[in-house]
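Open the model in a viewer and keep the selection tool ready. The stops below begin at the ligand and then move along the backbone.

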Amino acid sequence: MNPVASHVALDALPLREDLRGKNAYGAPQLDVAVRLNTNENPYPPPPELVADVAEEARRVTAQLHRYPDRDALALRADLAAYLARSTGVALTADNVWAANGSNEILQQVLQAFGGPGRTALGFEPSYSMHPIIASGTQTGWLAARRRADFTLDPVEAAKTLADAAPDVVFLTSPNNPTGGAIEPEELAELVAAAPGMVVVDEAYAEFSDRPSAAVLLAEHGHKLIVSRTMSKAFAFAGGRLGYLAAAPAVVDALQLVRLPYHLSALTQAAARAALRHARATLASVALLRAERGRVVAALAAMGYQVVPSDANFVLFGRFAHAPTSWRAFLDRGVLIRDVGIEGHLRVTIGAPEENDVFLRAAKELA
Ligand SMILES: Cc1ncc(COP(=O)(O)O)c(C=O)c1O
């Protein structure tokens with residue numbers, strides 16, 4: 001039997017003009033022994049968490065004929081408690097919103113505060129989904145630059161924000177794919193300088209010592225959104241749970257664009273179970289930070305330039321031709337990431353034995 005309508009070409013569809021010729025985002029998902037390309041936590045969830053999620057799934061499954069709690073109130077209360085505990089900022093469920101990964105959070109933010117005729121700005125190189133989500137929501141994208149060492153020049157950046165006056169600015173700290181975090185005083189200055197909404201994307205916050213931008217919410221609640229995810233430190237990438245902290249009015253604004261029942265009952269229950277085991281899961285953060293130190297030192301000793309990182313990955317170089325070197329790592333059974341920065345590749349910090357395989361390959365290619 002022929003697959004249904006497989007002869008219909010994408011080009012022949014009445015696709016939006018601005019989407020024509022674009023490629024879907026996504027790192028290669030290759031079946032390789034050592035996968036260090038998507039900044040996941042290499043440690044699987046602890047057995048007691050697995051048991052708890054399984055038990056919750058059984059309980060919730062018996063009620064799957066009903067829609068889930070549309071407002072995800074219990075989950076938001078748990079997320080607020082975790083964030084309050086880890087940042088020292090008094091937050092409640094009213095300050096928190098959750099979605100299927102922080103990508104969906106960012107999309108909802110641009111649906112509400114961006115859109116046709118509006119602009120969003122990012123300091124590149126940064127997380128490449130920011131401009132893609134801008135494109136998907138028909139928000140104009142303004143690409144500002146970082147310094148050659150990938151840090152932000154706070155004076156220059158504040159001037160850019162004042163001049164360009166974007167409706168939304170993304171400040172990614174720690175920044176993906178370069179790894180550095182914005183210093184707290186500089187972050188405060190940038191948030192103050194931004195005329196529009198400010199999204200501080202803190203997907204990797206747990207790997208950094210810098211305080212969360214949540215400490216700025218009391219003063220800047222009318223424009224600040226702190227975005228977080230359970231995909232990285234929480235070892236919950238497959239569970240798809242992102243969230244934000246903001247003023248209750250911002251959470252109310254997102255209700256205007258969210259799809260009803262966007263977070264399944266299974267997701268909500270699994271995320272709550274995962275949060276109950278936060279202490280056990282987050283124990284891996286200290287191990288990964290120690291491994292980050294080891295990997296950085298080893299790469300530097302081999303003669304590589306390594307960009308200082310506050311995250312669970314490092315950007316390193318310089319390669320004469322990064323795509324060729326990416327392939328050479330793959331040939332040695334190690335999948336890392338070519339993030340399109342000339343002369344550089346990004347490696348996620350894995351478990352010690354994975355890092356050993358990576359470092360052996362790096363030594364051969366140095
Ligand atoms: C900076 C940054 N923000 C957001 C995300 C999205 O993560 P998720 O949708 O899994 O929460 C990522 C994932 O790599 C990221 O690097």
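How many residues surround the ligand, and which are the closest? Select the ligand and its shell: 13 residues surround the ligand, and the closest are Ser102, Asn176, Tyr204, Thr229 and Ser231. A residue is near a molecule if one of its heavy atoms lies within 4 Å of it.

Before going on, note that this is a predicted model, in which local features need pLDDT of at least 70 and side-chain atom pairs count only at pLDDT 80 or more, while totals for chains, interfaces and linings use all residues. Residues are numbered from 1 along each chain as its sequence is written, and side-chain values use heavy atoms, with hydrogens and water left out.

**The ligand site**

Colour the shell by class: it has 3 nonpolar, 7 polar and 3 charged residues. Here Ala, Val, Leu, Ile, Met, Phe, Trp, Tyr, Cys and Pro count as nonpolar, Asp, Glu, Lys and Arg as charged, and the others, Gly among them, as polar.

In Asp201, a side-chain N or O atom is 2.7 Å from a nitrogen atom of the ligand. In Tyr204, a side-chain N or O atom is 2.7 Å from an oxygen atom of the ligand. In Ser231, a polar side-chain atom lies 2.6 Å from an oxygen atom of the ligand. Taken alone, the ligand exposes 400 Å², and the protein buries 93% of that (Shrake-Rupley method, 1.4 Å probe).

**Cis peptide bonds**

Select Ser173 and Pro174: the peptide bond from Ser173 to Pro174 is cis, with omega near -10°. Pro174 is in the loop between β5 (168-172) and α6 (184-193); helices (H or I, at least four residues) and strands (E, at least two) are DSSP runs, numbered from the N terminus.

Then go to Gly317 and Arg318, which are joined by a cis peptide bond with omega of about -10°. Arg318 lies in the loop between β10 (313-317) and α11 (322-331).

**Positive phi**

Select Ala72, in the loop between α1 (47-61) and α2 (73-87). Its phi is near 45°, a positive value in a residue other than glycine. Is Ala72 buried or exposed? Ala72 is buried, at a relative accessible area of 2%; buried means under 20%, exposed over 50%, and partly exposed in between (1.4 Å probe, protein chains only).

The last stop is Arg240, in the loop between β7 (224-229) and β8 (242-245). Phi of Arg240 is near 55°, again positive in a residue other than glycine. Arg240 counts as partly exposed, at 34% relative accessibility.

Technical notes. Polar contact = N/O pair within 3.5 Å; in protein donor to acceptor, adjacent residues only side chain to side chain.
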